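Work through these exercises with the model open beside you. Try each task before you read its solution.

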Amino acid sequence: MMKLQTRLTDGLTIWALTPIEARRELATLLFLADESWSMIDQYLPMSTIFALKDAKQFLGSIVLQAQGAASLEIMNLAVLPAKQRSGLGHILMAAAENYARQNQCQRLLVGTGDASLQNIAFYVHSGFRFAEIRRDFFKQYPQPIVEAGIQLRDMIVLDKVLLQS
């Protein structure tokens, strides 16, 4: 693990983790955002992982994967339930955007379930726009995923164009 910044706010630090470290240190967070270890294990080895930590524990994480030369996809974004709605997701999003710009990426992508209304609202509030629908995406999961009483079927893909500075 490598600390990227000594202090953000309220004693928070941001860390870069290897996939092996992430699997060990961020298991609870990773599983919050993706309910299938087989799916997580498919994308984690080829990903860049950042996590927010206070003095005691990791509070949130974001997993990024290159999609061609000019795009990064957010594969997994999670904040501990007790810390949600406190701005930590936006701090992780800013870290992802900074990383994307440093690597000359022009676009961030993210996919979420068709019934994940809070996630969709978060991404739209963060400047993302609807890009595509991946029909029947969640059929590949070993167990059905239900959110808000609705079984997930399709993935909603949103994107954000990053202006180069």
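This is a predicted model: local features need pLDDT of at least 70, side-chain atom pairs count only at pLDDT 80 or more; totals for chains, interfaces and linings use all residues.

Residues are numbered from 1 along each chain as its sequence is written, and side-chain values use heavy atoms, with hydrogens and water left out.

**Exercise 1. Check the length of helix H4 (residues 88–102) against the span it should have.**

Step 1. Know the element. Helices (H or I, at least four residues) and strands (E, at least two) are DSSP runs, numbered from the N terminus.

Step 2. Work out the expectation. The expected span is 1.5 Å times one less than the number of residues. H4 has 15 residues, so it should span 21 Å.

Step 3. Compare. The end C-alpha atoms of H4 are 21 Å apart, which agrees.

Step 4. Glutamine 104 follows H4, and its phi is positive, near 55°.

**Exercise 2. Find the buried residues of H4.**

Step 1. Buried means under 20% relative accessible area, exposed over 50%, and partly exposed in between (1.4 Å probe, protein chains only).

Step 2. List them. The buried residues of H4 are Leu88, Gly89, Leu92, Met93, Ala95, Ala96, Glu97 and Ala100.

Step 3. Recall the helix rule. An α-helix has 3.6 residues a turn, so residues three or four places apart point the same way.

**Exercise 3. Describe how H4 packs against helix H5 (residues 117–125).**

Step 1. Pick the two quantities. Two packed helices are described by the angle between their axes and the distance between the axes. Axes are lines fitted to C-alpha atoms, for helices over the stretch in contact, and angles run from 0 to 180 degrees between N-to-C directions.

Step 2. Read the values. The angle between H4 and H5 is about 55°, and their axes are 11 Å apart.

Step 3. Name the arrangement. Angles under 35 degrees count as roughly parallel, over 145 as roughly antiparallel, 65 to 115 as roughly perpendicular, and the rest as oblique. H4 and H5 are therefore oblique to each other.

Step 4. Find the residues that touch. Contact means heavy atoms within 4.5 Å. H4 contributes Gly89, His90 and Met93, while H5 contributes Phe122, Tyr123 and His125.

**Exercise 4. Which residues does phenylalanine 128 contact, leaving aside neighbours within four places in sequence?**

Step 1. Locate phenylalanine 128. Its place is the loop between H5 and strand S7, which runs over 129–134.

Step 2. Classify it. Phenylalanine 128 counts as buried, at 2% relative accessibility.

Step 3. List the contacts. They are Ile74, Met93, Leu108, Leu109, Val110, Tyr123, Leu158, Asp159 and Lys160.

Step 4. Follow one partner. Leucine 109 sits in strand S6 (residues 107–113). Leucine 109 is buried too, with a relative accessible area of 8%. Among its own contacts are Ser71, Ile74, Phe128 and Val157.

**Exercise 5. Are arginine 85 and aspartate 136 buried, partly exposed or exposed?**

Step 1. Most residues other than glycine have a negative phi.

Step 2. Take arginine 85. Its phi is positive, about 65°, although it is not a glycine. Arginine 85 is in the loop between S5 and H4. At 77% relative accessibility, it counts as exposed.

Step 3. Take aspartate 136. Its phi is also positive, near 60°. Aspartate 136 lies in the loop between S7 and strand S8 (146–147). Its relative accessible area is 32%, so it is partly exposed.
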